[in-house]
Amino acid sequence: MRLVNQTKNTVLAEDIFIAKSTWSRMKGLLGRKALLPGQAIILDPCNSVHTFFMRFPIDVLFLDKDYKVIRAIPKLVPNRITSIYWYSRCVVELPSGKLTSADTQATDQLKLLE
């Protein structure tokens with residue numbers, strides 16, 4: 001699976017884990033030492049995240065039901081919590097720095113490809 005930014009014609013991730021169960025969404029990235037380049041986790045459904053007990057910063061995207069970016073948060077450091085984005089359907093967590101390198105921001109249109 002690949003996650004691409006159709007607006008900017010860039011690839012955000014090629015190794016994607018989709019967390020749909022309550023347990024997998026709660027666990028998220030907890031316990032991992034890093035999120036490697038090309039990796040991402042999609043929390044579905046989700047409208048807020050935290051980085052308590054995490055060991056590394058991440059980039060975060062809040063997406064609506066059509067995979068349009070509602071909010072992009074670069075370099076969310078450990079021990080933080082985001083606001084609640086009521087129109088968010090899912091959240092994409094990426095390695096820190098990916099939003100900048102892929103030039104991804106609010107209003108961009110993303111697509112998940114098989």
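Which residue takes a positive phi in the hairpin of β5 and β6? In this hairpin, which has five residues between the strands, Tyr67 takes a positive phi near 65°. The structure is a predicted model, in which local features need pLDDT of at least 70 and side-chain atom pairs count only at pLDDT 80 or more, while totals for chains, interfaces and linings use all residues. Residues are numbered from 1 along each chain as its sequence is written, and side-chain values use heavy atoms, with hydrogens and water left out.

Secondary structure elements are DSSP runs numbered from the N terminus (helices: H or I, at least four residues; strands: E, at least two). Strands are taken as paired if DSSP finds at least two bridges between them. By this criterion, an open sheet of five strands is formed in the order β3-β4-β7-β5-β6, with mixed pairing. The edges are held by β3 and β6, each with a single partner strand, so one side of each is left without a neighbour in the sheet. On average, neighbouring strands of this sheet are turned by 15° against each other, direction ignored; the axes are lines fitted to C-alpha atoms, for helices over the stretch in contact, and angles run from 0 to 180 degrees between N-to-C directions.

Strand β5 pairs with β6 in the antiparallel sense over five bridges. Within this pairing, Phe62 stands opposite Arg71 in β6, and Ile58 stands opposite Leu76. Strand β7 (residues 90-95) also runs antiparallel to β5, to which six bridges join it. Here the bridge partner of Leu63 is Cys90 in β7.

Burial was assigned from relative accessible area (buried under 20%, exposed over 50%, partly exposed in between; 1.4 Å probe, protein chains only). Six of the six residues of β5 are buried. In a regular strand the side chains alternate between the two faces of the sheet. From β5, Ile58, Val60 and Phe62 point one way, whereas Asp59, Leu61 and Leu63 point the other way.

Salt bridges were defined by a side-chain nitrogen of Lys or Arg within 4 Å of a carboxyl oxygen of Asp or Glu. Five were found in a search of the whole structure. One of them joins Asp108 to Lys8, with the closest N and O atoms 3.3 Å apart. Asp108 lies in the loop between α2 (98-101) and β8 (110-113) and Lys8 in the loop between β1 (2-5) and β2 (10-13), so the pair ties together parts that are 100 residues apart in sequence. Asp108 is buried, with a relative accessible area of 2%, whereas Lys8 is partly exposed at 24%.

Lys20 is in the loop between β3 (15-19) and α1 (22-27) and Asp44 in the loop between β4 (39-43) and β5 (58-63), 24 residues apart. Lys20 is exposed, at 53% relative accessibility, and Asp44 is buried, at 9%. A further salt bridge pairs Asp66 with Lys65, the closest N and O atoms being 3.3 Å apart. Asp66 is partly exposed at 47% relative accessibility, while Lys65 is exposed at 65%.
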